Amino acid sequence: MSYFYYQSKKIYYTETGKGKPVLFLHGNTASSRMFEPLLPLYEDTYHIILIDFLGHGNSDRLEEFPPELWMEEAEQTIALLEHLKLDRVNLVGTSGGAWVAINAALKRPDLIGRVVADSFDGRTLADDFSANLIKERTNAKKDAMAVEFYRWCQGEDWERIVDMDTRALTQCAEKKLPLFSKSLTSLQVPLLLMGSEGDEMAREDLQAEYRTIAGETGAEICVFPEGGHPAIHSNAEQAAITIRRFLG
């Protein structure tokens, strides 16, 4: 197991494959384990790096997650790249990890090559985001498959982590905190926005939101006609083809 220290706490990461470095960033309530089934689609071409953000997976635990969670996790991402002494690293962020990836690129464009932002809501959280999130998490904790996923990613303290994440995100939404550290118009790296029309967790106007972001950033857009959340899993093979083409 590989770790590095960030603010006196240990963050877990792994590396596999050879080629251009690509760092995959997991979503909320998940960990780097979510990418393990996808590795055969990428590791023959890329140097794959996975990270467990603080409070998740094999990384040290926190008392609470901050409401500005995605900006804080962007700092952890930057710290890992500095630890590995890498630059021009491609980032693939899914769900919450998409906000992390874009924030890392906004903060340190010198370290980032290209960014894939998969299955996220874009510039804002909907007015009913908190209510929908609480409902979704309440139902998930009663669903055997969802609980198994949480336990697989986090371990036996999965419920505490899910509840901490719910509190952080609802605070972020209710306080209407900014989701990005800078204006998206200042993004200096190529961006691919990816998603699925069938994503049950996506905002209703996802494609319109993606088009607006593309207008501000010059991003490419790929929305699959089918599939759930996140697209990188529900459309795994097609997503890999799309990502590999974009990253080169």
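Which helices each supply at least two residues of the lining of the largest pocket? They are helix H2 (96-107), H3 and helix H4 (144-154). Helices here are DSSP runs of H or I with at least four residues, strands are runs of E with at least two, and both are numbered from the N terminus.

Before going on, a word on the source. This is a predicted model, in which local features need pLDDT of at least 70 and side-chain atom pairs count only at pLDDT 80 or more, while totals for chains, interfaces and linings use all residues. Residues are numbered from 1 along each chain as its sequence is written, and side-chain values use heavy atoms, with hydrogens and water left out.

Back to the pockets. On a 1 Å grid over the protein atoms alone, a pocket is an open set of points with protein on both sides within 12 Å along at least five of seven lines; a cavity is a set where a 1.4 Å probe fits but cannot get out; and lining residues have an atom within 4 Å of a point. Points are joined across faces, edges and corners, and a volume is the space filled by probe spheres set on them.

The largest pocket has a volume of about 1100 Å³. It is lined by 37 residues, and Ser-95, Leu-133, Glu-136, Met-201 and His-229 are the closest to its centre. H3 gives the most to this lining, with six residues. By class, the lining of the largest pocket divides into 19 nonpolar, ten polar and eight charged residues. Nonpolar covers Ala, Val, Leu, Ile, Met, Phe, Trp, Tyr, Cys and Pro; charged covers Asp, Glu, Lys and Arg; the others, Gly among them, are polar.

The second largest pocket holds about 240 Å³ of space. Of its 14 lining residues, Thr-124, Leu-125, Ala-173, Lys-176 and Leu-177 lie nearest the centre. Here H5 gives the most, with three residues.

There is one cavity of 30 Å³ or more. Its lining consists of Pro-67, Glu-68, Leu-69, Trp-70, Met-71, Cys-172, Pro-178 and Leu-179. Helix H1 (residues 69-84) gives the most to that lining, with three residues.

Now the helix packing. H3 (residues 129-140) and H5 (residues 158-174) pack at an angle of about 170 degrees, with axes 9 Å apart. H3 is therefore roughly antiparallel to H5. Contact, meaning heavy atoms within 4.5 Å, involves Phe-129, Ser-130, Leu-133, Ile-134 and Arg-137 of H3, and residues of H5 including Val-162, Asp-165 and Leu-169.

How do H3 and H4 cross, and at roughly what angle? Their axes come within 8 Å and cross at roughly 90 degrees, so the two are roughly perpendicular. Axes are lines fitted to C-alpha atoms, for helices over the stretch in contact, and angles run from 0 to 180 degrees between N-to-C directions. Under 35 degrees counts as roughly parallel, over 145 as roughly antiparallel, 65 to 115 as roughly perpendicular and the rest as oblique. Glu-136, Arg-137 and Ala-140 of H3 meet Ala-146, Val-147 and Tyr-150 of H4.

Last, the backbone. His-229 and Pro-230 are joined by a cis peptide bond, with omega about -10 degrees. Pro-230 is in the loop between strand S8 (220-224) and helix H7 (231-234). Lys-85 is not a glycine, yet has a positive phi of about 55 degrees; this residue lies in the loop between H1 and strand S5 (89-94).
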